[in-house]
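This report looks at chain contacts, model confidence and one residue in its surroundings. The structure comes first, then the notes.

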Amino acid sequence: MLLSEVGYARPASVDDAVRLLAEHDGARALAGGQTLLNVMKARAAAPDVLVDLADLDELRTISRGSDGGLELGPMATCAELIGSADVSEARPILAEVAAQIADVQVRNRGTVGGNVCSNDPTNHLPPLMVALRAEMTIAGTDGERTVPAEEFFLGVYMTAVGPGELLTRIAIPPSEGGDGFASVAIGADGTCIVNAAASVGADGARVAIGCVAAVPVLVTSAADEETVREAVRGTDLDPPSDVHGSAEYRRHLAEVVAARAVAQAAGRVR
Amino acid sequence: MKPVSSKAISVTINGELHEREVDARRLLVHFIRDDLGLTGTHVGCDTGNCGACTVLLEGTAVKSCMLLAVQADGASIETVESLASDGQLHVLQQAFSDHHALQCGYCTPGMLMSAKYLLDNNPEPTEHEIRRAIQGNICRCTGYVNIVEAIAAAAKGEVSG
Amino acid sequence: MKVEGTRSYAAPREKVWDVLNDPAEMAELMPGVESFEIADETHWKAKVKVPLGLGSMRMSIDFEKAESRPPEHARLRAKGNGVGAIMSMETQFDLSEEGGGTGMRWEADVRIFGQVASMGQRVLQPIVNQQVQNVLNALDKRVTATAGAGAEPATGASAAEEGVHPGSPEAYSDEPEGPTHSTQG
Amino acid sequence: MSSTTVAPERVQAPQKGFAGQSIPRKEDKRLVQGQGVYVDDVRRHEMGYVHFVRSPYAHAAITSIDVSKALELDGVYGAIIGEEVAALTDPFFQLSVPPGSEIKDYALAVGKVRHVGDPVAAVAARTRELARDAAELVEVEYEPLSVVVDPERALDEDAAVLHEEAGSNLVWSGEFDWGDFDAALAEADRVVRIERLHFDRFSSTPLETSGAVVEYDRGTGQWTLHANNQFPGFAIIMMGPALRTGMDKLRFVSQDIGGGFGNKICTHPQLVALCLLARKLNRPVQWTEWRTDQHTGNSHGNERVFLDVEVPVKADGTMLGFRCKAIDDCGAYSRYEPLGCIIWAQVTPGLYRWRNVRIDFSQVVTNKSPCGPNRGYSRMQHLWFTERIIDIVAHELDLDPVEIRKRNYIKAEEMPYETPNGCVYDSGDYARCLDIALELVDHPSLERRRRDAEARGKLLGFGIGSTLDSGTNNFGQSQLLNPDLQFSGNNEVATVKLDIFGEVVVTLGTTPQGQSHETVASQVVSDILGVTPDQVHVRAGHDSYWNTHAGFSGTYASQFAVTGLGAVSGATEKLADEIRRLAAVILGAGGPDEIELDGGFAKRKDNPEAALPFMACGAIINANNAGLPPELDDVTLNCRYVYRPPFQVPDKERKFGNLTLTYATQIHACVVEVDRETGTYEILDYAAVDDCGKRIHPQIVEGQVHGATAHGLGAAMFETFPYDEQGTLLTANFYDYHVPHALDMPPLKTDAIESPSPFTSLGTKGMGEGGGAGIHAVCAAIQDALRPAGNPIVTDSHNPYHRVWELLQNPEASRALVRVEER
């Protein structure tokens with residue numbers, strides 16, 4: 001399929017990028033493009049201007065934060081996440097999950113920021129960000145603000161990054177225990193039917209479930225299977241039905257994958 | 001800086017520099033196929049799933065239907081047409097033929113580029129690694145059996161001729 | 001797809017009715033209205049740019065007021081044409097007096113046809129919910145503002161804040177005032 | 001590594017020559033270098049790119065179409081709409097009797113649309129992007145109508161009628177009654193009743209979508225279609241009358257085709273629209289279908305429901321036949337239909353000795369994408385049904401699925417075997433194939449593996465799929481649907497010539513899409529002429545102007561190994577004979593019998609030193625022919641042969657007769673492991689044993705087995721075309737329509753035996769469509785695995801995870817569909 005006419009700019013600095021996004025109504029940041037360009041090919045959504053972030057090297061870095069956690073540039077690709085020594089030391093779950101996203105070519109182009117900002121309900125990273133208590137830094141013409149992941153995801157394809165704003169940093173705190181991820185997907189590493197990411201620490205389990213609502217559903221509970229399942233049941237999920245699963249099936253899978261993610265996380269507590 | 005609706009770009013493809021004015025909306029795959037006439041790179045879907053359009057961008061496997069041509073400005077690209085040299089098939093091409101890893105041949109160029117990217121980065125892949133490496137390439141003819149065998153054989157240099 | 005729910009407003013029923021039945025007022029409530037044209041008392045047209053996060057979808061929508069019993073009941077039909085999508089919607093609401101405020105029962109039957117319908121089936125329902133929430137929140141804000149300064153919404157949590165864009169958390173929170181029930185149909 | 005077992009002792013030793021050897025494929029050199037020429041690679045000066053405007057509604061009246069805004073766009077060359085098509089063309093010929101025969105099907109929708117994706121207009125523009133932009137500017141007003149999605153409701157009184165001219169949604173209906181079913185019921189010790197089985201809608205979705213570049217020559221009134229249509233013979237028959245032109249005015253050209261699987265047979269409506277546009281705009285036009293359009297508006301495999309199934313069974317497990325009511329859903333238009341209403345009858349009893357069969361068959365239209373042949377066309381649905389019967393009966397009567405098959409399989413010593421409806425199964429040894437498959441999946445260890453799985457909380461199951469691939473149609477079967485049709489038999493053409501420099505040039509009437517015809521033809525030719533395959537030049541692709549085009553030319557329905565190669569060997573034998581006659585004269589031999597062809601020479605048998613090189617033969621006839629004796633007047637060294645299989649017109653009264661020439665066997669065995677908690681499952685072990693008679697190129701045959709199996713497994717697990725109640729397709733692209741990728745495919749174990757066909761000159765059989773076996777094997781394995789979990793019955797061909805989970809949640813729902821009546 002083919003895109004509608006679109007304006008294109010490739011700014012050299014974050015300031016320029018933010019300015020372009022603010023100046024043009026209907027401007028959208030182009031990161032890896034692995035979701036956005038497909039949506040544009042179908043003409044299901046049509047930004048007027050694409051602000052290509054490719055030259056913004058400062059958004060591409062992966063480094064250790066001062067607290068021992070991770071600072072991810074949103075333009076870091078899934079492949080870079082997978083290959084990062086810092087990631088494998090600090091929060092290896094990020095690499096494990098990134099390695100399950102789509103396929104090699106998509107992981108080579110697709111970025112962390114793009115994955116979270118598109119916030120397709122079947123994406124892998126939004127629930128993981130919520131489970132890991134990521135902090136998202138958003139730049140606008142008036143400066144920066146920081147939003148915790150659980151407040152970042154607002155709706156299908158909607159995040160706290162508003163018009164004229166840009167996600168510039170994702171901070172992941174150091175692990176306080178262990179992390180896990182589980183999903184039921186269509187085929188091996190396919191689109192998720194339901195997924196869940198979990199982080200288990202001294203205060204119990206924090207598990208975020210994807211594909212069951214417009215945004216990841218956060219559940220906290222003790223880290224044993226029965227309690228997790230009960231806690232998920234207690235959220236009264238109303239997941240969508242589609243060709244890959246009924247609402248009832250998704251509701252059931254939410255419990256199962258939440259429990260599996262927590263079990264994996266608990267098994268990794270040092 | 002102002003957004004533009006078309007742009008002069010220069011892209012090096014298979015070692016040759018191409019300079020063209022392209023619409024911002026033109027996909028890289030259509031630039032390669034329609035503007036440059038390199039028709040070895042194919043299109044099999046609308047959604048970035050099939051991988052028939054896989055090329056190497058700065059040595060990295062990407063799907064050229066999920067990139068705009070303007071994004072490739074200044075970049076170096078390899079397509080299937082780059083593989084054989086001096087009339088000599090690339091070891092992967094020979095292995096694909098030896099093992100009957102292609103029937104209709106439509107997925108083959110993309111499959112070869114994904115396989116090349118694998119072997120460039122992992123010269124001794126396991127079967128699972130091979131399967132993971134071509135997961136983004138759909139083949140409707142072979143069930144992948146012979147493709148996996150061909151890539152394994154190419155990695156070992158076990159080809160005829 | 002049917003969505004329905006109830007909602008309370010801290011404004012008199014006539015006020016709510018007036019806003020809901022004035023096409024110009026309604027145009028203010030809908031996100032992304034670019035132009036607006038009234039044909040006659042029961043027919044009007046709008047060109048909208050529906051914000052969908054990844055980009056917006058342009059649609060031209062024809063509205064028809066199918067039924068009107070002031071100040072308690074109205075039914076509206078809308079048909080929108082966009083690239084790859086046709087939207088048809090029938091919506092109705094009933095207003096009742098609730099103390100000093102107004103209670104509203106509403107339902108909408110939304111159908112999407114075309115490529116977007118097949119591509120987006122797994123996200124259509126939440127997206128429709130989001131759009132409905134947008135309108136309801138904007139309505140809340142509107143009637144509250146015009147009902148007099150200082151009046152609090154009957155249920156405060158859902159009032160949209162100044163300057164919040166259509167992707168604001170309020171717009172999509174899973175609170176009871178949102179669609180309380182959805183069925184494919 | 002996937003293990004690929006080839007057990008040479010089971011296969012006859014390769015005979016002398018190239019046939020039987022896996023020689024390097026001729027096609028590969030260009031294809032691995034990206035030098036194939038597929039339809040989208042064809043360019044013409046100033047051609048216009050075409051985009052079809054398609055209906056968003058499943059069923060609606062078209063109240064107006066306005067293309068004026070599209071035409072105003074700079075770079076737009078023109079447009080065409082349904083009304084114009086209706087004025088300039090006649091509706092496509094319908095194969096059915098009433099009511100189906102009354103259906104009016106045009107290149108573009110006229111008056112109303114009948115499925116989402118139904119094309120209502122086409123626009124042509126300077127670039128692909130502009131064509132798409134222009135299509136968006138075409139304003140179409142629709143009046144939506146109520147929608148028919150469910151084939152079982154299509155004939156309800158209150159169902160909307162798609163084609164008013166037909167007055168009903170029925171395309172065709174008829175009774176098939178062979179043997180004596182009532183007597184079988186009376187004889188039975190038990191009768192197993194199954195309320196409903198459903199074969200799901202999917203298609204093999206070739207990676208290259210459909211397309212064409214169409215040129216119109218004003219001077220001659222001729223169209224040239226560079227199109228990837230895989231059955232030009234059929235397309236021309238459909239298009240000529242519609243375009244009110246002669247057959248020869250439609251020239252079909254193709255080189256490389258990116259897979260077909262039947263899905264590229266019914267492109268004639270789009271091709272007619274392109275012909276009209278090319279003529280109207282006086283320029284070449286180019287169309288490449290988008291994947292989304294391929295899914296929504298091209299060609300799906302038929303969906304079929306089997307209702308009120310009755311199976312009479314003897315106490316020892318012998319089955320006497322079956323009865324059912326079948327409803328086939330062909331989507332919105334009958335384009336190749338109702339042929340699907342009879343094609344299944346090629347394999348009426350499946351692989352079994354069932355003598356009494358009664359089927360009440362009807363086909364209906366619904367507001368869904370039109371159907372067309374899809375790998376295993378119509379037989380796949382029916383064979384799935386026969387395999388489900390076997391496994392449900394075995395399940396209910398607690399019989400072993402291996403034992404019950406062996407008891408009911410037609411035996412090797414009974415071949416050739418006449419089925420109850422007069423088809424003749426040529427050869428095969430089903431039980432032996434099954435034994436090999438069992439060995440490959442280590443069947444004896446099954447119970448141990450089952451316990452191991454249980455210990456891990458999983459359910460292990462084993463299933464068999466047995467199918468036949470009937471090759472080389474007798475088109476006379478169409479007369480069983482419509483006695484007035486003038487089609488029968490089959491044919492294919494090839495020419496083989498010896499050119500001026502001694503090159504052997506082969507031209508095929510087939511239209512290959514990956515089946516390696518260049519290679520296989522060269523093997524057959526080289527053996528006859530005594531040259532090497534390298535010395536045989538087989539022209540790539542197909543051109544209907546090549547004088548190798550017959551009425552049934554094309555590649556479909558497992559044609560090539562018999563029909564295509566029959567033509568090749570016939571033409572080559574003629575050429576060999578001419579060379580021998582020529583050489584006998586030149587070398588002064590007593591007669592052609594005294595000449596042998598060897599190593600590129602025609603030699604005297606009694607004196608091999610007296611040898612005429614092929615180059616000399618070619619030169620003499622083509623360029624140096626003065627003084628040749630009159631007895632060589634008819635020698636042209638350019639020989640054309642039309643292969644016609646030995647068919648009779650079937651008996652229309654009894655619907656009885658031989659419908660296909662050869663029957664290849666596929667026996668698959670599958671081991672799955674189901675996760676009780678989620679319904680997800682994995683194929684742990686898979687074996688496919690194939691018997692297609694004499695294999696000219698075993699590696700290519702095995703490749704076909706792999707591919708067909710992948711299609712079967714995809715359909716079993718992932719691939720489906722479901723519609724919502726408003727008629728919107730829910731899997732319109734490869735994002736939602738999940739095609740198995742390399743990690744989804746289990747390791748495949750393959751093996752082969754060869755039971756040569758007694759009916760074909762080379763002993764070959766058509767093959768390549770046996771993938772249905774994969775669907776059956778998976779269904780059976782899931783049913784077996786779920787036995788400890790409430791014993792549910794698998795009643796659908798497509799079993800995604802959520803359906804398996806539903807079976808686990810509510811096994812009673814499926815159990816309620818099956819009853820065993822003791823007599």
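## Chain A against chain C

Across the interface of chain A and chain C in this predicted model, two residue pairs are in polar contact, both at pLDDT 80 or more. A polar contact is a pair of N or O atoms within 3.5 Å; within protein, one must be able to donate a hydrogen and the other to accept it, and residues adjacent in sequence count only if both atoms are side-chain atoms. Helix 2 (36-41), strand 8 (153-155) and strand 9 (158-159) of chain A each supply at least two residues of the side that touches chain C. Helices (H or I, at least four residues) and strands (E, at least two) are DSSP runs, numbered from the N terminus. By class, that side of chain A has 18 nonpolar, seven polar and six charged residues. Here Ala, Val, Leu, Ile, Met, Phe, Trp, Tyr, Cys and Pro count as nonpolar, Asp, Glu, Lys and Arg as charged, and the others, Gly among them, as polar.

Three salt bridges are counted between chain A and chain C. A salt bridge puts a side-chain nitrogen of Lys or Arg within 4 Å of a carboxyl oxygen of Asp or Glu. Arg58(C) and Asp48(A) form a salt bridge through their side chains, at 3.7 Å from N to O. Chain A brings 31 residues to the contact and chain C brings 24 residues, where contact means heavy atoms within 4.5 Å. The area buried between these chains is about 2,300 Å², with 59% from carbon and sulfur atoms. On the chain A side, Leu154(A), Tyr157(A) and Met158(A) lose the most area to chain C, together 25% of what that side buries. Buried area is the accessible area (1.4 Å probe) that two parts lose on being put together, summed over both.

## Chain B against chain D

Which chains share the most contacts? Of the five pairs of chains in contact, it is B and D. Chain B supplies 52 residues and chain D supplies 53 residues. Together they bury about 4,500 Å², 54% of it on carbon and sulfur atoms.

The polar count is 28 residue pairs, both at pLDDT 80 or more. Helix 5 of chain B gives the most to the side that touches chain D, with five residues. By class, this side of chain B has 21 nonpolar, 19 polar and 12 charged residues. Seven salt bridges span the interface of chain B and chain D. One of them joins the side chains of Glu129(D) and Arg26(B), at 2.9 Å from N to O.

## No contact, and confidence

Chain B and chain C are not in contact; their closest C-alpha atoms lie 10 Å apart. Chain C averages a pLDDT (the predictor's confidence in each residue, from 0 to 100) of 77, and 79% of the residues score at least 70. Residues 149-185 of chain C have pLDDT below 50, yet this stretch has 81 contacts in the model beyond near neighbours in sequence.

## Asp685(D)

Asp685(D) sits in strand 28 (residues 681-691) of chain D. Is Asp685(D) buried or exposed? Asp685(D) counts as buried because its relative accessibility is 9%. Buried means under 20% relative accessible area, exposed over 50%, partly exposed in between (1.4 Å probe, protein chains only).

The side chains of Asp685(D) and Lys749(D) make a polar contact of 2.9 Å. Not counting residues up to four places away in sequence, Asp685(D) touches several residues, including Leu440(D), Arg449(D) and Cys670(D).

## Conventions

Residues are numbered from 1 along each chain as its sequence is written, and chains are lettered from A and ligands numbered from 1 in the order in which they are written. Local features need pLDDT of at least 70, side-chain atom pairs count only at pLDDT 80 or more, totals for chains, interfaces and linings use all residues, and side-chain values use heavy atoms, with hydrogens and water left out.
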